[in-house]
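Subject: Structure for you to look at

Hello,

Here is the structure I promised to pass on. Please open it first and then read the notes below it.

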Number of protein chains: 2
Amino acid sequence: MAVFSLLFHLPQPFLPHKPNTKRLSIKPPTHRTRARFHASNDYRLSWQNELKRSDGPLPKEKLEDEDFFRATIDRRAVDNVRMLIVDAVQHAKAGHPGMAPGMAEVGYLLYRHVMRYNPKNPRWFNRDRFVLSAGHGCLLQYVCLHLAGFESVQLEDLKQLCKLGSCTPGHPENILTAGVEVTTGPLGQGVANAVGLALAEAHLAARFNKPDAILVDHRTYCIMGDGCAMEGISNEAASLAAHWKLNELTLIYDDNHNTIDGDTKICFSENISARFEALGWNTITVENIHEDMESFMVAIRSAHNETRRPTFIKARSSLPPTFCLSVLRQIVKTLIGRLSGKEGTYKAHHGTFEEDDVRRMRGKVKWEDREPFHVIPMVYREMQKRAEHGENLLEQKWKSALRHYQAMYPQEAEDFNILLHVDASRGYSEKCLNELAKALPGLIGGSADLASSNKVYLKGYDDFQLPETPQGRNIRYGVREHAMAGISNGTALHGSGLIPFAATFLTFSDYMKNSMRLSALSHAGVLYILTHDSIGLGEDGPTHQPVEQLAGLRAIPRLLVFRPADGNETAGAYKVAISNRDVPSVIALSRQKVAANLEGTSISGVEKGGYIISDNSGNELPEIILIGTGSELCLCEGSAETLRREGRRVRVVSLVCWRLFDGQPREYREFVLPPKVPKRVSVEAGSPIGWREYVGDGGVVHGVRDFGASGACLDTFKKFGFTEENVARIARSLLEE
Amino acid sequence: MAVFSLLFHLPQPFLPHKPNTKRLSIKPPTHRTRARFHASNDYRLSWQNELKRSDGPLPKEKLEDEDFFRATIDRRAVDNVRMLIVDAVQHAKAGHPGMAPGMAEVGYLLYRHVMRYNPKNPRWFNRDRFVLSAGHGCLLQYVCLHLAGFESVQLEDLKQLCKLGSCTPGHPENILTAGVEVTTGPLGQGVANAVGLALAEAHLAARFNKPDAILVDHRTYCIMGDGCAMEGISNEAASLAAHWKLNELTLIYDDNHNTIDGDTKICFSENISARFEALGWNTITVENIHEDMESFMVAIRSAHNETRRPTFIKARSSLPPTFCLSVLRQIVKTLIGRLSGKEGTYKAHHGTFEEDDVRRMRGKVKWEDREPFHVIPMVYREMQKRAEHGENLLEQKWKSALRHYQAMYPQEAEDFNILLHVDASRGYSEKCLNELAKALPGLIGGSADLASSNKVYLKGYDDFQLPETPQGRNIRYGVREHAMAGISNGTALHGSGLIPFAATFLTFSDYMKNSMRLSALSHAGVLYILTHDSIGLGEDGPTHQPVEQLAGLRAIPRLLVFRPADGNETAGAYKVAISNRDVPSVIALSRQKVAANLEGTSISGVEKGGYIISDNSGNELPEIILIGTGSELCLCEGSAETLRREGRRVRVVSLVCWRLFDGQPREYREFVLPPKVPKRVSVEAGSPIGWREYVGDGGVVHGVRDFGASGACLDTFKKFGFTEENVARIARSLLEE
């Protein structure tokens, strides 16, 4: 167990446990109890008692063996992790019991011996990041967070697993639980998030570190399961991670051979390590993590020694189970639900354990007479050492480095400070109109192989490429939309104020829809720039022409979808998007040219989501309202001019962002769209779904009701009736009704 | 060139070209000219003239060398393919000139020497299938189809490239162009489609072939590009293809190092052959296809000899360009846009060629004095041989095998006949209510690792696994939603009457949305079974609870989205879905239990999309209408009962499929939802978007406006106001307005 002492390179004074008083969960503290560790004056005695319980009487020389001491503590702590998981599953009658117990060793070792963090300040900037891509194993993370001293997860919270309002939901959610970095559950997403976190680290290290002051220096660890390995997004993200040489990233693959439908052999015959090697990863197999925890630590050391490759650790599993100290030398591996009597069977993926199994498990680790949710005081004490290490040493050291940095490099420190304090980015919006990238030190992003088409390349900045130009702010995602969005979520949730943007054709938002949803759910303020936003795309035909995408994106809760009509509105959309760092935004832009600036458009109008562009009604109400977005707003204006020449009172309204408009006071909404003017025509070259809300029973929704067609832009627009003449004709019929 | 003669194993009599008279494109024939090959009596002479033109005078012994004869014909034909591509791009001022010229050799060799097909009957069942996953290279396929004698693509059509209404759209569409098997363009989709086509072949071969009568025996070829290789869907599909041992599948990777944004080295560092090997593929590299076409044929032969692995052929490229006969021995490779003076640069991905380049290209192949769209008569004649081979030999032989089969195995022949004549499947719906799988010999499918949750496992049938049980009808997709949908599209478009179903949670339709869209666009009648269809999913929390997905799916043109409320409606949804083989369907089902059969629900009601479930208004109009779907219909019924007890006239309407309801005559729609009853409440536990259409200005849309929450089903329903009491309360406020 020499490896532990190597990693354990810092002095670890024994300190009594200080109960934390500040809760970091977003929920207010409730009447919950924290199981406290009552400091014992005789540490050795406590440990010997625990050993006696688990292993029976031991010879004296064993008891004085330091290595045996450490190994048994770690082993017993893992037993405790596992029993807490079992108890929580049984108590909540929910959860996914399979994965979490199987990875108990990995979870414990990461939190006890590997990761650098401060539970008293879960947002400490230079902490290592942990992502549980196999999010259904959330209990593993909750239990580790609890033992590690994160105030956000109390024993009471473990009992509330999956209950409405708890901070221990069925899958990890960063917005509910301090210590959780990203929201996972949809498989494979976490792998992309982890790549995004590691990208942020590499990028910021290159921009800010100085030889005499290292501010950015942390690692990202991610546990993925078989499901994650099968999902395409994880292959996309892993390919990029290797291309970018993200050596600070370590992926731990829970090779448990089980998914919901059964043994993975029914659908999975790959040599996954060879695949990752082909992608360019350092790959290591840990044959037997349960019996031999040290081999995992050796793998971690190898990962830390890598300078050009991310590391993939396959934690093998194949043999029957146990986890009690007394059979430590028995050959065992990380079989899913290994302890449960459902060992190695897919039934352990979800559901609860049978009571008989629980009795057997308790028997195996000599836990029979203990209450549910028992924590061995020694285990709290062990974890407390890591916490003290993080708090008293790592963060203090970092703060002193920061002070040195501020003194020596005031300009860079200023930029770094802006980045760190995300709220300050609200101030960005003032500057964003002219030179976005220059004004926004955090802006970083790219396109899924459409940088030239999406027009998102930041001129004057490098590509993000390691090892040459990690400070570059242009990310080359290749044709990997899904990974792009997942990586952007990771970058956004790195918490360093980076503002990731991600660009592709609007149609191909389909490829990354789940990641976009997670942006909204997990408060990742990603900026999606989606061009070629209608049938106006032209020649590439219906496979590339979006029709239903705007409707689908508008339906995603919280997401702001803008479809600006011109330069003014585009600036406005950027302004709102950049100002809302907790909300992702979509800016849908046309391929075809639009007017630089239409008369009547404005940034302030965009901020309200909808507003009047033009109206010739004077003191009267208009006879008809034409409502447009994007490239069709200009078309509405043209049709309105025709109708006005015919003596009609016509209002044109831009409805650039539905959600913002819906959030305006009723008076404002009825000022823009007066209920007394029922004759309205909406004009948008996309699905009609949703427009009735604004057009009302008396109006006409002019949209695209079928797929587009290959043809020149003007031809397709004409085919689907998007011409000034046709809109005017529709309006006339309505007026004459 | 001995390899050619090996493959060329059937006698190929010289026959004069017979112009085809039957058009197979769905467009009516127009005033177009077909460049005819005026049969020459002196084949040798024509060839010698062509040789003189391209290579200058040649010694007599060369002219009499059979190998040289064949090689020069093939080489010159490839020149011609390439010049047609160049001419079409210049004429249409559109297209993606890069990929198509680079893969001219591959396209020509496949259509001339490898694939078995009959251009006079593009739907001949036992034809080899070709998929151009790199759909932007559509011109390659159009030119090959033209030269091969497919009536669907005339020279005139090449001139209409990307024009509105042409059968040569910007990406290949099976519904527009006979000879195109699937619709491609969104990258990676074609790889999944090809896996689905190969799956269908392997499955049907196992079910129908007899030792003395082989009915199903064809191969699938697919060209993929760098973009396809990067997309996650292609890795998912390739993993499954290897797992399934689909040895009849050959993937040709156009390793051209170029995507839109530039050289792939900016974002792609994988060893892709090693990756495919890790997945379980036979991998071959063809170093130099342009100089050495034979090496490609050797690779094809290796693919044909494989019995347990699909084959991945990497067609290498690295060196500078040329394609004229006179420099045949010069070292060249398939550089993208190789001939264009834009060789090896990304500028060739799209746009047109510069006129200078075109002049240079024409010069290289001695084409200067030829009109655009020139076809060497010899080339038509060569391709004609393959056509004759397909028509006179392969299809005739197959038909005679079929007659033998019908005589010897009448029962199986009957099943096979039902499968082949897709239209007959309409008859299926009569039987579908009880034992769907038994009644529907074509039903085949599975789930993305949720078979138990989705309840879609076909009992009494095997898993589809090679080599043991390819006749199995349960497909184990693993956690690979995107590939599942793409493969299902391929299976549906195999044209053998297989009815693929694909199941997962409704939320994870996000992962496969683009493939679902392509189902609708390409008339692939896939049946999507999407369970756990609302926040009622419960404990797994918001990452797994769909909110916006129904709205997004309803917006996809043509797709039928059902949300049945009980057993009757589920049967109705299946009936309509199965009866519509050109249209994909979604059946969204709840996780929580619903009533087996609600009073008032009916199959015939589902066929109309919306209908009255109950009404106590007698001869009067109701005061209020409650509109529900799925699990909320029962809730509406409960609330209605409460209101009726309070003396209210209440109608309950099921709106199980919006699109079907929208297609009903106005009278029917107004009978169900009378305009004189403005007080309506829609109740659906999903995004409110789109409901205003049915609820009107005077109604209330009761939906879910934010993400769900982790908690028990009843708790989440209560939190979001989906209780009988709350719906009754909403109705009461509306009634009292």
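**Notes on the model**

A:Arg359 and A:Asp356 are 3 residues apart in helix H14 (residues 355–364) of chain A, which means that about one helical turn separates them. Helices here (H or I, at least four residues) and strands (E, at least two) are DSSP runs, numbered from the N terminus. The side chains of A:Arg359 and A:Asp356 meet in a salt bridge, with N and O 2.6 Å apart. A salt bridge is a side-chain nitrogen of Lys or Arg within 4 Å of a carboxyl oxygen of Asp or Glu. Over all chains, the whole structure has 75 salt bridges.

This is a predicted model, in which local features need pLDDT of at least 70 and side-chain atom pairs count only at pLDDT 80 or more, while totals for chains, interfaces and linings use all residues; side-chain values use heavy atoms, with hydrogens and water left out. Residues are numbered from 1 along each chain as its sequence is written, and chains are lettered from A and ligands numbered from 1 in the order in which they are written.

**Where the chains meet**

The size of an interface is often given as the accessible area lost when the parts come together. Chain B and chain A bury about 7,900 Å² between them, and 55% of that is on carbon and sulfur atoms. Buried area is the accessible area (1.4 Å probe) that two parts lose on being put together, summed over both. Of the area that chain B buries against chain A, B:Tyr511, B:Arg517 and B:Phe707 supply 10%, more than any other three residues.

The contact (heavy atoms within 4.5 Å) takes 100 residues from chain B and 100 residues from chain A. There are 8 salt bridges between chain B and chain A. In one of these, B:Arg692 pairs with A:Glu693, and the closest N and O atoms are 3.0 Å apart. By class, the side of chain B that touches chain A has 36 nonpolar, 36 polar and 28 charged residues. Ala, Val, Leu, Ile, Met, Phe, Trp, Tyr, Cys and Pro count as nonpolar, Asp, Glu, Lys and Arg as charged, and the others, Gly among them, as polar.

**Helices that pack on H15(A)**

Helix H4 (residues 66–92) of chain A packs against helix H15 (residues 377–408) of chain A at an angle of about 110°, with the axes 10 Å apart. Axes are lines fitted to C-alpha atoms, for helices over the stretch in contact, and angles run from 0 to 180 degrees between N-to-C directions. H4(A) and H15(A) are therefore roughly perpendicular to each other; angles under 35 degrees count as roughly parallel, over 145 as roughly antiparallel, 65 to 115 as roughly perpendicular and the rest as oblique. A:Arg70, A:Ile73, A:Ala77 and A:Asn80 in H4(A) meet A:Met378, A:Val379, A:Glu382 and A:Lys385 in H15(A).

Helix H6 (residues 104–114) of chain A crosses H15(A) at roughly 50°, and their axes come within 8 Å. H6(A) and H15(A) are therefore oblique to each other. Among the H6(A) residues that meet H15(A) are A:Tyr108 and A:Tyr111.

**Backbone details**

The peptide bond joining A:Leu466 and A:Pro467 is cis, with omega about 0°. A:Pro467 lies in the loop between helix H19 (451–454) and strand S9 (474–476) of chain A. In chain B, the bond from B:Leu466 to B:Pro467 is cis, with omega near 5°.

Regards
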